[in-house]
Amino acid sequence: MINIRLQTSLLLAILMFLISCNKHYNSQKIQTINQLEKVIESDVSHLNSLNMHNIHSVLKIASFNLSKIEDGKMDSIEFEIIYNDYKAYINCINLIYENLLKIDQLHSMVEKNKNQLQKIKNDYMLSKAKRNDLDQYLIEEFKIIHQSSKHIHHTINTIRKEKDAFFQLNTKMEQIIY
């Protein structure tokens with residue numbers, strides 16, 4: 001009787017040890033997912049930090065000034081003088097516009113990453129066993145989230161850099177126009 005209790009107790013202890021090891025394994029994966037969720041939160045914060053009204057205002061100013069330049073009667077000598085500034089101005093406006101178009105796509109991409117990560121997290125959390133089958137999905141999502149984050153930072157930095165350049169170039173254009 002004592003021998004059976006001892007064996008049962010030993011078996012329960014081994015079983016609890018194995019379960020705790022599996023839970024520890026999944027908890028490490030969940031910690032990785034939590035870190036990825038923080039990356040996503042940071043990306044959302046960066047995207048939301050863009051002053052969209054300001055960027056749209058820049059594009060409206062540019063549109064107005066370009067129409068003034070096109071309406072103005074410049075001879076070829078005057079246009080040759082401003083050609084380099086005009087070219088830089090157009091390039092700057094185009095970069096702002098192209099990157100502005102990416103913002104909605106980036107918001108969608110972040111939301112998709114967030115949903116996918118939540119599904120993987122739920123699978124790890126609801127499982128009582130080691131989930132090696134999910135590891136590849138987590139690795140892929142890790143890569144996608146970090147790649148998305150780099151793309152977001154690049155887009156935001158480009159918009160900010162070009163917006164600053166716009167104000168300098170716009171001053172030159174307005175001096176020529178008026």
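Visitor: How many aromatic pairs does a search of the whole structure find?
Guide: The model is a predicted one, and side-chain atom pairs count only at pLDDT 80 or more. With the whole structure searched, the number of aromatic pairs found is two.

Visitor: Is the aromatic pair of Tyr-89 and Phe-166 stacked or edge-to-face?
Guide: The ring centres of Tyr-89 and Phe-166 are 5.6 Å apart, and the angle between their planes is 25 degrees. Planes under 30 degrees apart count as stacked. The pair of Tyr-89 and Phe-166 is therefore classed as stacked.

Visitor: Which parts does the pair of Tyr-89 and Phe-166 tie together?
Guide: Tyr-89 belongs to residues 76-126 and Phe-166 to residues 135-177, each stretch being a helix. The two residues are 77 apart in sequence, so their pair ties together helix α3 and helix α4.

Visitor: Is the aromatic pair of Phe-166 and Phe-167 stacked or edge-to-face?
Guide: Between Phe-166 and Phe-167 the distance is 5.6 Å centre to centre, with 70 degrees between the planes. An angle over 60 degrees counts as edge-to-face. The arrangement of Phe-166 and Phe-167 is therefore edge-to-face.

Visitor: Which residues do ring pairs link into a cluster?
Guide: Phe-166 is paired with Tyr-89, and Phe-166 also forms a pair with Phe-167. The cluster linked by ring pairs consists of Tyr-89, Phe-166 and Phe-167.

Visitor: Is Phe-167 buried or partly exposed?
Guide: Both Tyr-89 and Phe-166 are buried, with Phe-166 at 0% relative accessibility. For Phe-167 the relative accessible area is 39%. Buried means under 20% and exposed over 50%, so Phe-167 is partly exposed.

Visitor: Which residues is Thr-155 in contact with, leaving aside its neighbours within four places in sequence?
Guide: Thr-155 lies in helix α4 and counts as buried at 0% relative accessibility. With those neighbours left aside, the residues in contact with Thr-155 are Asn-99, Lys-102, Ile-103 and Leu-106.

Visitor: How are α2 and α4 oriented to each other?
Guide: Helix α2, residues 52-71, packs against α4 with the axes 11 Å apart and at an angle of about 30 degrees. Angles under 35 degrees count as roughly parallel. The two helices, α2 and α4, are therefore roughly parallel.

Visitor: How do the residues of the contact of α2 with α4 divide into nonpolar, polar and charged?
Guide: On α2 the contact includes Ile-55, Val-58 and Ile-61, and on α4 the contributors include Ile-159, Phe-166 and Phe-167. The contact residues divide into ten nonpolar, three polar and three charged.

Note on methods. Residues numbered from 1 in each chain as written. Heavy atoms only, no water. Phe/Tyr/Trp six-rings, centres within 6.5 Å; stacked < 30°, edge-to-face > 60°. Helix = DSSP H or I, 4+ residues; strand = E, 2+ residues; numbered from the N terminus. Buried < 20%, exposed > 50% of the residue type's maximum accessible area, 1.4 Å probe, protein only. Contact = heavy atoms within 4.5 Å. Axes fitted to C-alpha atoms, helices over the stretch in contact; angles between N-to-C directions. Parallel < 35°, antiparallel > 145°, perpendicular 65-115°, else oblique. Nonpolar A, V, L, I, M, F, W, Y, C, P; charged D, E, K, R; others polar.
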